Amino acid sequence: MNAQNLLNLQKETFLNGKTHSYEHRESMLLRLKEMLEENEQMIYQALYTDLNKSKHETLTTELGILYTEIDFSLKNLSKWMKNESVPAPLTHQGTKNYIIHEPLGNVLIISPWNYPLQLAIAPAIGALAAGNTVILKPSELAPATEELLSHLIKNYFDEAYFGIITGDKDVSDHLVGLRFDYIFFTGSTQVGKKIMKRASENLTPLTLELGGKSPAIITADANIKLTAKRIAWGKLINAGQTCVAPDYIYIEESIKNKFLKELVRQTKRLYKNNPLNNKNYVKIINSNHFNRLMNFINQSNELQLIYGGSSDETTLKIEPTILQNISWEDDVMQEEIFGPILPILTFTDINEAISAINQQEKPLALYFFGKDESVEAQVLKSIRFGGGAINDTLYHLANPHLPFGGIGHSGLGAYHGKYSYETFTHKKSIMEQTTKFDLPFRYPNSKLGKRIVKYILK
Ligand code: NAD
């Protein structure tokens, strides 16, 4: 079925009210869970083919997050769906006021290649829980996962409720031009701008989950060993191809050398000294990205490249690489790195770091490592970013109680847990007027009305 026909079918389904009930929504979530559980082996295989992702990494960063999101929604959905009663001001005596939660309608989800399963299905959990229909357009750059998703969704779901259309950016662009009620896009800032422009032709509201350069700030009193361990893990998971990976380190000059020693030690421990031959180390998605990343390494001089730097073109793996003596003018600081390369910048005064970060676009994440709560508070207050963690990396996004999303160039809107449900729900305000009496003050010829208005406005 072509995209327009599929959307027409979903429009008809939605208008017939078939997706609204709690029972329908619950059945969609249970079916999703069944789909994932019954096909775990195929999912592991697809992610290994696309990204060389190990079972452990697929379980923790793709499947695990989806199971948590589904269970959390199932547990809370009936509570979330309840109408909300709100109070009435004096001018509205006799009225009943409430907010109905209703689904938006027909949702389009466009997802990227870096977590090709998780980022395709996580928004769908919210959209289906909120009673919408969904058409998913996964990334063509992770073809094994794309094909598996297509096979599974077609086999497990009636396409009137949840359908999938595969293809490249032209297919995606065509979809964005159709009359959806909501678009949920995850991908690059550059493409996000195009999607927003295109969606504006139909005034289609949207969420943009984008990227950017997320800093890790380390102050002199940080626990060096734990900081190095958690940064190495957050940077190297998925070989740095994570939207919230620490993009660069901004460290207090006085502890730089000590920290770098520990960072190298922790990096070696993670992949047993031999990442290029380690079957658990993720590869770069394709040769375009591989060459883009190798350019950063090739441009660095021997004073900068202090660890790593080698690669294997046949397997598309790049060794974890640490670059020191980096300045804001270096190429590696001009765009989101999205790979296993970690540049180190230094500061002597926290205000210098805050001010330099504030010259950049607002990041998706920020990580602060240190013990001094007043410095921590200053950083949190002075820098705008999507979300982040203190003394850790990445972990914040796996808590379904926290909204996940960017700000400015790193995104628009947020999701996960209740925030996903709210993203895909319209809050319809209703005031039910009484017919038992009719307060006079809104009418122009009421003397009593005028007196009451004067009294209220005093
Ligand atoms: P991308 O923007 O190139 O592609 C994302 C999706 O958009 C794909 O499905 C693709 O087919 C489609 N697309 C590409 N060009 C298009 C166009 N001109 N019109 C319509 N659709 C188009 O992103 P990517 O390379 O797949 O992913 C990497 C980027 O995504 C990074 O910048 C990363 O930070 C970001 N990202 C953000 C999050 C988040 O949650 N905020 C998560 C993962 C990745």
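Visitor: What makes up the set of strands that helix H12 lies across?

Guide: The model is predicted. In it, H12 (residues 350-358) lies across strand S8 (214-218), strand S9 (246-252) and strand S14 (341-347). H12 runs at about 155 degrees to S9.

Visitor: In what order do the strands of the seven-stranded sheet come?

Guide: The order is S10-S13-S14-S9-S8-S15-S16, in an open sheet with mixed pairing.

Visitor: Why are S10 and S16 called edge strands?

Guide: Strand S10 (305-307) and strand S16 (387-390) each pair on one side only. The twist averages 25 degrees from one strand to the next.

Visitor: How do you know that S15 and S16 are a pair?

Guide: A pair needs at least two bridges. Four bridges join S15 (residues 365-369) to S16, so the two strands count as paired. They run parallel.

Visitor: Which helix lies across S8, S15 and S16?

Guide: Helix H13 (residues 373-382) does, at about 165 degrees to S15.

Visitor: What about the sheet of six strands: in what order do they come?

Guide: This open, mixed sheet reads S5-S4-S3-S6-S7-S17. Its edges are S5 (162-164) and S17 (411-412).

Visitor: What makes S6 and S7 a pair?

Guide: Again, the bridges. S6 (residues 182-186) and S7 (residues 206-209) share four, in the parallel sense. The cut-off is at least two, so they pair. Ile-183 has Leu-206 of S7 as its bridge partner.

Visitor: Which helices lie across S3, S4 and S5?

Guide: H1 (residues 3-15) does, at about 160 degrees to S4. H5 (residues 118-129) lies across these strands and S6 as well, at about 165 degrees to S3.

Visitor: Which residues come nearest to the ligand?

Guide: Of the 28 around it, Ser-111, Glu-140, Ser-172, Leu-210 and Glu-336 come nearest. By class, the shell has 13 nonpolar, eight polar and seven charged residues. H7 (169-176), S6 and H8 (189-200) each supply at least two of the shell residues.

Technical notes:
Residues are numbered from 1 along each chain as its sequence is written. This is a predicted model: local features need pLDDT of at least 70, side-chain atom pairs count only at pLDDT 80 or more; totals for chains, interfaces and linings use all residues. Side-chain values use heavy atoms; hydrogens and water are left out. Contact means heavy atoms within 4.5 Å. Axes are lines fitted to C-alpha atoms, for helices over the stretch in contact, and angles run from 0 to 180 degrees between N-to-C directions. A residue is near a molecule or strand if one of its heavy atoms lies within 4 Å of it. Ala, Val, Leu, Ile, Met, Phe, Trp, Tyr, Cys and Pro count as nonpolar, Asp, Glu, Lys and Arg as charged, and the others, Gly among them, as polar.
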